Amino acid sequence: MKSKFSNKNVIAAVFLILIAVFCLGYKINAEDSDKQVKFFNQNLDLATELELIDPGFEGVMDFSTVDLGGDGVDEIVISYGYLDYPEVKIFRYDGSLINSFKPYPVGYEGRINLSTGDFDNDGKDEIITAPGEGGGPQVRIFDGYGESKFNNGFFVADEKNRRGVEVSVGDVNGDGQAEIIASLLEDGKNIIRFFSYKGEALFSEIVLEVEDAFEPMKVNSSDLNGDGKDEIVLGAGMGNKPLVKVFDYKGKELASFYAYGENFLGGVDVDGVLFNGSRYIITAAGFSGGPHVRFFDLNGEVQLDPKFFVYDKSFRGGLNVSVGHFNNGHDEVVVIPQTVSNVSELTSSGKTIKVDISDQRLYTYDRGKLKQTFLISSGRYGYDTPLGTYTVSRKRALVRMFWNYGENHPENYDLDNVPHVLYFNGPYTLHGAFWHNNWGKRMSHGCVNISLPHAEWLYDWSPVGTKVIIQE
């Protein structure tokens with residue numbers, strides 16, 4: 001996630017995420033004002049806006065700021081993901097393009113998470129990339145020309161891990177050398193790991209329990225208490241309650257608080273910033289939340305304007321936010337939507353499962369973008385799968401499934417070890433089926449039967465709370 005480390009005292013970051021989503025003929029239509037990178041001055045008044053996205057762009061972005069020239073003036077680096085060939089572009093404060101490059105080879109089509117930092121202490125920042133969901137956990141470092149620097153990249157987890165990596169850079173132990181901080185999901189936990197720019201593992205990892213998550217916790221770093229060491233600032237990933245947590249690099253928890261209402265599960269973007277000479281944790285509500293930016297101190301107390309809404313209050317595309325130091329010599333708060341999609345029935349939960357009974361096909365969507373589709377087997381006539389809109393209420397890796405319709409009834413069944421079970425409506429579930437291969441035909445007693453490979457993928461992909469739509 002966005003973060004920046006250099007030997008300057010001012011920590012600056014700026015974010016740009018934008019999606020134009022199409023699903024089943026549903027076309028996104030957002031107001032032009034909600035497609036802008038917005039800059040707010042020290043009074044939180046709008047200072048300027050930039051358009052840094054092509055009108056036909058249908059992917060997702062991430063951002064950081066980068067001081068390429070070592071002159072104390074930030075540029076903006078943006079990644080364009082969910083494309084056939086994701087790329088990174090660097091812009092000046094006036095919106096003019098400096099350079100572009102493609103950090104990963106053909107075949108990876110997901111999002112690219114970004115950070116920046118000065119690893120060789122030459123006053124000029126490098127650009128750090130990490131893949132989102134679907135990509136291997138490879139972190140890479142580039143110079144401003146898009147050339148690999150120091151090495152060709154390194155893995156921060158098992159190469160088979162495809163849950164995505166959030167990344168930040170900071171001097172967490174105060175030795176004057178920037179470290180890479182990686183946030184990732186592994187074995188049902190959120191792991192924070194530290195690396196040198198050479199890819200060497202550093203310190204002990206921090207392990208956090210998470211109820212369920214769509215994505216890793218957002219990560220940033222900043223010296224919030226003035227001790228010369230950057231603290232690690234974490235914001236909930238989508239699918240979890242909107243907790244913000246702060247740790248030192250040894251894993252000591254320094255703060256924990258809710259940035260928004262406890263029932264909000266859209267994720268929290270975070271940054272540690274120096275703004276107007278004061279240190280803050282700044283947050284923004286993620287996808288499906290209002291355009292609400294908040295400032296907190298290290299005690300979790302709200303600071304500055306508690307009702308700072310940066311777009312129309314009806315906007316629900318999610319935000320990212322930070323503070324940058326640009327040509328005018330002053331700190332500015334910078335915001336941009338995570339997406340410009342309307343929050344339709346298919347997108348309001350971030351991830352959505354749709355089962356079409358007529359087609360006997362299941363569709364999965366991430367923020368409205370189709371991820372995968374495959375044939376299933378729903379309930380037979382007389383044992384119909386119930387139509388409606390539900391959510392995944394619980395998950396079980398293995399379940400004994402049995403039902404007795406009466407003594408010696410031909411429909412009685414008793415099956416051990418039914419795998420990858422997602423409950424969505426009382427006893428009704430989506431689950432793997434090992435007893436038939438008749439996909440595309442009604443076969444079940446009301447549940448949704450799925451092939452074993454697809455059921456395993458769906459189980460791993462779908463946290464509790466995922467929306468489930470069953471329709472004809």
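Colleague: How much volume does the second largest cavity have?

Modeller: About 70 Å³, counted as the space filled by probe spheres set on grid points joined across faces, edges and corners. A cavity here is a set of points on a 1 Å grid over the protein atoms alone where a 1.4 Å probe fits but cannot get out. Bear in mind that this is a predicted model, with local features needing pLDDT of at least 70, side-chain atom pairs 80 or more, and lining totals using all residues. Residues are numbered from 1 along each chain as written, and side-chain values use heavy atoms, without hydrogens and water.

Colleague: Which residues lie nearest its centre?

Modeller: Arg-111, Glu-215, Lys-218, Gln-338 and Arg-367, out of 13 lining residues (those with an atom within 4 Å of a point).

Colleague: And what about the largest cavity?

Modeller: The largest cavity has a volume of about 130 Å³. It's lined by 16 residues, and Arg-111, Glu-133, Phe-214, Glu-215 and Arg-367 lie nearest its centre.

Colleague: Which way do the residues of β24 point?

Modeller: His-292, Arg-294 and Phe-296 point one way, Val-293 and Phe-295 the other.

Colleague: What does β24 pair with?

Modeller: Strand β23 (residues 278-285), antiparallel over four bridges, with Phe-296 as the bridge partner of Ile-281. β24 also pairs with β25 (residues 302-309), again antiparallel over four bridges, where His-292 stands opposite Phe-309. Pairing takes at least two DSSP bridges.

Key: Buried < 20%, exposed > 50% of the residue type's maximum accessible area, 1.4 Å probe, protein only. Helix = DSSP H or I, 4+ residues; strand = E, 2+ residues; numbered from the N terminus. 1 Å grid on protein atoms, 1.4 Å probe; cavity = no way out; pocket = protein on both sides within 12 Å on 5 of 7 lines; lining within 4 Å.
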